[in-house]
Amino acid sequence: MGFESFLGNTKAVTAVREILASGRVPGALLFAGLDGVGKKTLALMLAKALNCEKRPAGGDDFCGECPRCRKAEEFLTATRDDLSRRRESKDAQKRTDGLVYFDIQLIEPITRYILTDQIRQLRQVAYTHPFESPRRVFIIDEAQTLHWQAVDLLLKVLEEPPDTTTLILICPNAYQLRPTIRSRCRLIPFSQVDPPVIAEVLAEGRKLTPAQQGLGVRVAAGSVAKAKKLDCEDFVSRRRPWLDFLDGIANPAARSPGDIDWRLVFDATKALADNRHDFEVTLDMGYSLLSDLLHVLEESPEPPVIHLDLRPRLAKWAQKLGLEGLERFKSGLDQGYRLQTRNVNQQLGLEVLAIDLAAGPD
Ligand SMILES: [Zn+2]
């Protein structure tokens with residue numbers, strides 16, 4: 001395995017391989033692009049390649065099997081474990097006590113921020129000789145969360161790039177970083193992964209119908225990570241109660257609330273609320289349907305974003321509810337979202353929403 005195994009973003013991969021082949025490795029790189037497209041994966045691959053025992057001079061790949069490639073993987077696992085232990089600590093001091101950085105180190109936010117102590121440690125280590133690898137690589141993930149004091153410290157490192165260390169900053173959007181930081185990094189942009197690649201990821205070890213595959217590609221929205229996690233059958237079964245809910249309250253044949261199949265609606269609200277520990281997933285599904293309903297109502301020339309397979313039903317529901325109804329649907333979802341951390345009865349909330357929507361405009 002080497003860079004061949006990386007999915008999508010061929011331009012980013014090519015840029016990284018060219019850096020390796022040229023032998024001129026910048027002191028700092030910035031990998032920017034949306035979540036789930038492999039920025040961290042490629043950063044680790046570069047870290048391996050910079051240290052791989054099998055890479056000849058001018059080579060642009062890594063083996064993934066030599067002791068140093070394996071070591072890079074171990075370092076990353078160790079730093080991940082260390083970070084999660086620190087996050088659990090209630091004591092602010094203990095969160096950054098005794099930081100030790102390996103030759104390949106992942107630096108991520110411990111609280112909401114990447115803390116000043118984390119970058120102070122980085123600065124202390126960056127100018128020393130690596131312990132056992134030829135080149136040290138520090139991967140700063142979610143660099144947009146650097147505490148402002150940490151940014152100042154990091155800037156000092158970027159102004160005097162160490163000989164033995166490469167920094168890889170990762171963030172969703174380069175413009176979330178201060179221009180002074182941005183301008184000192186070589187930018188490698190990442191984009192959404194193309195549908196055929198996503199379709200391949202979805203099909204790995206699974207048998208999918210073309211309809212499931214199409215739906216999966218739209219749900220994953222260019223993210224390999226989402227595609228890997230997505231279970232199309234589960235998605236469709238989680239969606240089903242929302243469809244019953246909408247079939248009930250947005251039935252074009254119902255002239256008054258009395259015509260509505262309330263049994264269907266209340267069975268749906270029960271099923272939706274049953275998923276108590278995962279209510280956020282239920283709400284996300286509601287939001288994605290809402291977004292497509294608005295899309296259809298506005299007669300946008302583009303097809304619905306996700307639930308393309310439901311197009312005729314979406315049109316029917318959108319027309320029945322109208323913009324005003326869809327706004328109330330949104331308020332209901334927002335309300336559920338606000339209350340989800342409290343111990344409230346979500347089923348009751350959804351029932352109130354259903355009755356409200358069925359009553360139509362005031
Ligand atoms: Zn190797």
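Colleague: Let's start with the metal: which protein donors does the zinc ion have?
Modeller: They are the SG atoms of Cys-52, Cys-63, Cys-66 and Cys-69, lying 2.3 to 2.4 Å from the zinc ion. Donors here are N, O and S atoms within 2.8 Å of the metal (3.2 Å for Na, K and Ca), and water is not among the atoms, so sites may look incomplete. Before we go on, this is a predicted model: local features need pLDDT of at least 70, side-chain atom pairs count only at pLDDT 80 or more, and totals for chains, interfaces and linings use all residues. Residues are numbered from 1 along each chain as its sequence is written, and side-chain values use heavy atoms, with hydrogens and water left out.

Colleague: Thanks. What geometry does the site of the zinc ion have?
Modeller: The site is tetrahedral, with angles of 104 to 117° among the four donor atoms. Four donors get that label if all angles lie between 85 and 135 degrees.

Colleague: And what spacing do the donors of the zinc ion follow along the chain?
Modeller: The pattern is C-x10-C-x2-C-x2-C.

Colleague: Is Cys-66 buried or exposed?
Modeller: Cys-66 is buried, at 3% relative accessibility. Cys-63 counts as buried too, with a relative accessible area of 16%. The cut-offs are under 20% relative accessible area for buried, over 50% for exposed and partly exposed in between (1.4 Å probe, protein chains only).

Colleague: Okay, zooming out: how many helices and strands does the protein have?
Modeller: There are 15 helices and five strands. Both are DSSP runs numbered from the N terminus: helices are H or I with at least four residues, strands are E with at least two. Along its principal axes, the C-alpha trace spans about 80 × 45 × 35 Å.

Colleague: What share of the residues count as buried?
Modeller: Of the 362 residues, 48% do.

Colleague: Which residues have the most contacts inside the largest nonpolar core?
Modeller: Phe-31, Leu-42, Phe-245 and Phe-329 do, in a core of 86 residues. Helix 2 (residues 39-51) gives the most to this core, with eight residues. By nonpolar core I mean a set of buried Ala, Val, Leu, Ile, Met, Phe, Trp, Tyr and Cys residues joined through side-chain atoms within 4.5 Å. Apart from that core lies another of 29 residues, among them Tyr-101, Ile-114, Leu-153 and Leu-158.

Colleague: What does Phe-31 touch?
Modeller: Leaving out residues up to four places away in sequence, its contacts (heavy atoms within 4.5 Å) include Val-16, Leu-42, Leu-46, Ile-170 and Phe-190.

Colleague: I like ring pairs. How many aromatic pairs are there?
Modeller: The count comes to eight aromatic pairs. The rings of Phe-31 and Phe-190 are tilted, because their centres are 5.3 Å apart and their planes are at 45°. Phe-31 lies in strand 1 (residues 28-32) and Phe-190 in the loop between strand 5 (186-189) and helix 8 (195-203), so this pair ties together parts that are 159 residues apart in sequence. Both Phe-31 and Phe-190 are buried.

Colleague: What cut-offs define the pairs?
Modeller: Rings of Phe, Tyr and Trp (its six-membered ring) pair if their centres lie within 6.5 Å; planes under 30 degrees apart count as stacked, over 60 as edge-to-face and the rest as tilted.

Colleague: How are Trp-242 and Phe-245 arranged?
Modeller: Trp-242 and Phe-245 are edge-to-face, 5.4 Å centre to centre with 85° between the planes. Both lie in helix 11 (residues 232-249), three residues apart, about one turn of the helix. Trp-242 is buried at 1% relative accessibility, and Phe-245 is buried at 0%. Ring pairs link Trp-242, Phe-245 and Phe-329 into a cluster.

Colleague: How accessible is Glu-142?
Modeller: Glu-142 counts as partly exposed, at 34% relative accessibility.

Conventions
Tetrahedral: all angles 85-135°; square planar, octahedral: opposite > 155°, others 65-115°.
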